Amino acid sequence: MRLFNRVERISLWNDLSSQGLVSGDVPSDENIESPWYVRLLIGLSGWIAALFMLGFLGAGFSFVYENNTAGMIVGCGMIFAAYLMLVNMSESDFVSQFALAISFAGQVLLVTSLDLFHWVTPRGDTVNWAVLGLIQVALAWFIPNSIHRIWSSFAAALCLSFMFPKSGYIFIQTTLIMFAVAYIWLNEFKWVKYQGKLNPIAYGLTLALLYQTSTSFYYTLVIKPLLRDKEFILQQSWLGDLLAGAIILYVVWQLLKRQNIKIPSRVANTIFIATLVIILASLEITGITIGLMIIVLGYANGNRILTGLGIISLLYYTSVYYYLLHVTLLEKSQLLAVLGVVLLLASWLMHRVLVSNRAVQDAK
Amino acid sequence: MESKRSLILRWIGQGNIPKEKAEEVLSKVGVLPDGSGWRIFIESLLLWLGGLALSFAMMFFIAYNWDEMGRFAKFALVEVAIVFCVIAYWKLDVDKVTAKVSLTAATILLGVLLALYGQTYQTGADPWQLFFNWALLMLPWAIVAQFASIWLIWVLLLNLSISLYFQARGGLFGLIFSSTEHLFWVLFIFNSLAWIAWEFAATRFSWLKERWPVWLIATASGVSISFLMLAAIFDHYPSDGIAVFTYFVWAITLYLIYRQIIPDLFILAGLCFSAIVVITSFFGYHLFKGNNDPIGSFFFLTIIVIALAAAAAKWLKFVQKEMAA
């Protein structure tokens with residue numbers, strides 16, 4: 001990732017100006033966004049402070065844990081106080097950090113008072129999870145802090161999945177998140193005036209999607225208990241895979257439109273067929289297709305963080321896949337071998353079609 | 001400093017670029033890929049994923065230990081695959097993606113071969129020896145490949161073998177009683193040496209110029225020394241004094257180098273986070289040790305963390321602006 005200093009920024013502005021794309025003086029250097037690792041530091045510190053704050057509440061005001069109503073009122077009050085601080089005093093780093101800690105602590109208090117977990121296992125209380133999910137959606141939209149937005153959208157997606165723990169709709173829910181992720185990233189530049197809100201929300205949903213599809217923790221907590229009702233879950237799982245495949249074809253369609261490639265045409269047809277074959281070859285290993293989708297979306301938008309997230313999720317999913325017990329290692333190796341061959345063939349096919357298409361265009 | 005994409009999006013957000021021209025500007029400056037960019041990307045992506053999928057398929061297959069296939073057939077399968085990959089690398093242009101994929105696949109398959117050998121002949125070797133021998137045997141390929149990711153695999157393998165060595169043997173050369181403390185000292189020394197070597201090599205070889213491999217190794221070094229500091233605070237090992245001294249020397253060195261010589265905000269941010277954790281742990285330990293005022297202790301720790309994080313955020317923003325100037 002090439003990072004720009006002031007001289008280079010001025011040069012870039014002058015280039016754009018000479019092409020008639022911009023006008024006026026070089027913009028000032030205020031409000032440079034902090035890189036992702038600085039925001040990660042702030043977010044993690046906020047959570048550490050929140051834990052100490054919860055300890056403080058437990059030590060001095062234990063009634064908030066013993067009485068669910070008190071816990072809910074105090075939790076909501078803390079979240080509201082954080083909202084007021086972030087709306088009115090966000091220029092101060094100390095206040096922003098304090099507000100984050102209060103909000104996170106308030107949310108934990110709310111979760112414990114709604115009695116949503118048995119240790120780390122989510123309880124299947126649909127109404128309470130729906131309430132928490134709606135609160136998180138509201139926080140993601142209204143709280144003017146990118147770190148908080150990432151967290152709230154992540155949490156909202158998880159609330160949606162925990163709403164129906166005993167049903168197979170978990171797979172449909174995952175595809176809903178997948179569609180939201182694809183749709184927001186594909187339209188990132190059409191909705192650029194909302195980028196301050198939508199970018200963090202998109203990141204949060206992307207992290208939730210990758211968490212749900214790539215981690216053994218989520219699999220053990222949520223998916224594995226469902227596998228007892230095999231027939232119904234199998235149906236829902238297949239429906240989820242089909243919907244996921246449809247979403248990926250939709251992404252490919254949109255990206256072809258963006259590149260002004262005629263549909264149908266030789267190039268477009270080849271790309272669609274190759275995509276379909278890859279989807280079919282990876283039906284039992286959807287973590288790979290989802291990781292692929294994230295990598296492609298990241299590349300399409302010039303977003304190296306998103307591409308990196310996709311690569312990490314692919315590598316992580318492969319290691320988790322090794323330990324999943326729903327099929328044997330022999331079957332897994334066969335699935336991976338088929339997928340590997342399909343991918344290499346697709347690469348060869350793309351090379352032939354795209355290179356010959358380029359030759360035809362150059363000749364014209 | 002900021003990337004071109006962040007820069008353009010900031011200008012759009014500030015109203016300096018009309019919103020309706022967002023995609024056009026991003027395309028013109030090369031943030032959004034063009035047709036040839038997409039072609040190269042799709043081919044490379046499918047090649048990489050295909051090569052890695054086949055390598056992992058082989059790994060899973062060997063791990064299954066399928067009785068229906070004889071041991072010589074299994075050896076032949078893996079060895080033919082390795083030879084095929086090496087020949088492919090030899091024949092192809094080393095700068096091409098296919099060559100890099102071939103050599104990476106050969107590197108992974110080498111580990112599979114060693115695992116198969118151990119599985120077949122039940123040599124009684126410890127798991128750490130598998131990873132150590134793997135790293136040793138792949139070293140000539142790493143030198144020849146001129147590819148950062150293969151060197152990263154090499155560093156990872158050695159980290160794994162060090163961790164497994166201490167798990168199996170307990171202590172250095174089995175002479176010293178095992179402790180996690182010794183493990184983290186060795187990991188810290190190894191990763192710090194790898195880090196230094198990488199930074200020096202990056203000044204000579206352009207294929208090592210990407211920062212993300214350095215960040216990974218730096219994180220390994222930072223986690224190790226931070227753990228040793230936490231151990232010094234909480235557990236009181238014999239080497240506590242050395243740990244504290246080393247931590248301060250490490251922190252000051254990082255500050256001087258990555259603030260003045262090789263500006264790198266990621267490493268400075270990592271240093272800040274390590275400092276926050278260590279300082280908070282120090283206060284936490286001393287506040288709760290024999291203290292009857294948990295309310296005050298928790299409150300103080302909350303404020304400490306918030307204040308440190310806010311100060312770190314402010315300082316990092318200042319440094320970022322300075323680097324961007």
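1. Let's start at a spot where two chains meet: beyond its neighbours within four places in sequence, A:Ser34 is in contact with A:Arg39, B:Lys317 and B:Gln320. Contact here means heavy atoms within 4.5 Å. A:Ser34 sits in the loop between α1 (6-18) and α2 (36-60) of chain A. A:Ser34 counts as buried because its relative accessibility is 12%, where buried means under 20% relative accessible area, exposed over 50% and partly exposed in between (1.4 Å probe, protein chains only).

2. A word on what you are looking at: this is a predicted model, in which local features need pLDDT of at least 70 and side-chain atom pairs count only at pLDDT 80 or more, while totals for chains, interfaces and linings use all residues. Residues are numbered from 1 along each chain as its sequence is written, chains are lettered from A and ligands numbered from 1 in the order in which they are written, and side-chain values use heavy atoms, with hydrogens and water left out.

3. Staying with chain A, please also find A:Gln212, in helix α9 (residues 195-214). Is A:Gln212 buried or exposed? With a relative accessible area of 7%, A:Gln212 is buried. From A:Gln212 to A:Ala81 the C-alpha to C-alpha distance is 31 Å, and the two are 131 residues apart in sequence.

4. Now to chain B, which has 12 helices and one strand.

5. How does the overall form of chain B come out? Its radius of gyration is 25 Å, whereas a compact globule of 325 residues would have one near 20 Å. That radius is taken over C-alpha atoms, and the globule rule is 2.2 Å times the number of residues to the power 0.38. The C-alpha trace of chain B spans about 70 × 65 × 35 Å along its principal axes.

6. Chain B is assigned domain 1 (1-32), domain 2 (34-124) and domain 3 (179-325), with bounds from an automatic or database domain assignment. Taken over C-alpha atoms, the centres of domain 2 and domain 3 of chain B are 37 Å apart.

7. Of the contacts in chain B with a separation of 6 or more, 62% join residues 24 or more positions apart.

How values were computed: Helices (H or I, at least four residues) and strands (E, at least two) are DSSP runs, numbered from the N terminus.
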